[in-house]
Amino acid sequence: MDEIRKFIDTIAPMSDSDWRFFSSKLHKAALKKHTALLKLGAVESHLYFITKGVVRFYIPKEEGDLTFGFLFENEFVTGYDSFLTQTPSEYQIETLTDSVLWKISHKDLEEVYERTSSGNTIGRKMAENMFLIKSKRELALLSKTAEERYLDLFSDRPKLLQQIPLKYIASYIGVTPQALSRIRRRIT
């Protein structure tokens with residue numbers, strides 16, 4: 001739980017009393033590889049903090065999943081649109097590796113926002129960060145080549161290369177696994 005406190009303090013330091021209240025609402029979850037955090041059509045009921053592992057966002061398709069996001073250690077993960085609106089999700093979230101996460105329910109997080117002085121600031125800054133990640137990805141898909149997206153991905157997230165199957169990386173940058181193989185051959 002120390003990792004969460006350190007991470008939160010980099011966003012907006014929390015008083016000891018606020019931290020005690022917030023941390024009392026957190027529950028640890030040790031999950032195996034390929035465990036669903038959110039299934040298509042389910043309503044997101046938790047916000048998670050990853051202390052170990054890698055998580056993938058994707059849309060399941062018969063011809064192959066469409067991967068559109070990855071998150072790593074020391075990052076928050078949730079189906080944010082479903083979490084905010086409490087409506088069914090249009091995608092799935094799963095662990096790609098054995099993972100350890102701390103989770104807080106929607107109801108408990110709302111209580112943290114109401115009862116702590118820094119909860120709203122932290123929530124706003126996390127929402128802003130999620131927006132910036134999403135915006136950067138959308139702009140890259142619209143303005144960069146697949147090779148540029150691949151190179152950007154690894155300059156931003158070098159851990160990806162080691163921990164994520166290439167078929168998911170190919171889907172994330174918007175190419176087939178065969179096209180990714182050609183890109184990799186060209187740049188190595």
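Q: Which residues of helix α6 are buried?
A: In this predicted model, helix α6 (residues 146-156) has A146, R149, Y150, L153 and F154 as its buried residues.

Q: Why is T51 called buried?
A: The label requires a relative accessible area under 20%. T51 has 15% relative accessibility, so T51 counts as buried. T51 belongs to strand β3. Neighbours within four places in sequence aside, its contacts are E3, E73, V100, L101 and W102.

Q: What makes β8 largely enclosed by the rest of the structure?
A: Of the 7 residues of β8, 6 are buried, and therefore the strand is largely enclosed by the rest of the structure.

Q: How do you know that β1 and β8 pair, and in which sense do they run?
A: Pairing requires at least two bridges between the strands. β1 and β8 are joined by 5 bridges and run antiparallel. Within β8, L101 is the residue opposite A29.

Q: What shows that β3 pairs with β8 and with β6?
A: The criterion is again at least two bridges. β3 and β8 are antiparallel and joined by 6 bridges, while β3 (residues 46-52) and β6 are antiparallel over 3 bridges. F49 stands opposite W102 of β8, and F76 in β6 is a bridge partner of F49.

Q: Which strands make up the open sheet, and why are β1 and β6 called its edge strands?
A: The open sheet consists of 4 strands in the order β1-β8-β3-β6, paired antiparallel. β1 (27-31) and β6 (75-77) each pair on one side only, and they are therefore the edge strands. From one strand to the next, the twist averages 35 degrees.

Q: What packs on the sheet, and which strands does it touch?
A: Helix α4 (residues 106-115) packs there, touching β3 and β8 (99-105), and its direction makes about 65 degrees with that of β8.

Q: Why is α8 described as roughly perpendicular to α9?
A: The axes of α8 (residues 166-173) and α9 (residues 177-187) come within 9 Å and cross at roughly 95 degrees. Angles of 65 to 115 degrees count as roughly perpendicular, so that description applies to α8 and α9.

Q: Which residues make the contact of α8 with α9, and what classes do they fall into?
A: L166, K167, I169, A170 and I173 of α8 meet P177, L180 and R184 of α9. By class, the contact has 6 nonpolar, no polar and 2 charged residues.

How values were computed: Residues numbered from 1 in each chain as written. Predicted model: local features only at pLDDT ≥ 70, side-chain atom pairs only at ≥ 80, totals over all residues. Heavy atoms only, no water. Helix = DSSP H or I, 4+ residues; strand = E, 2+ residues; numbered from the N terminus. Axes fitted to C-alpha atoms, helices over the stretch in contact; angles between N-to-C directions. Contact = heavy atoms within 4.5 Å. Buried < 20%, exposed > 50% of the residue type's maximum accessible area, 1.4 Å probe, protein only. Parallel < 35°, antiparallel > 145°, perpendicular 65-115°, else oblique. Nonpolar A, V, L, I, M, F, W, Y, C, P; charged D, E, K, R; others polar.
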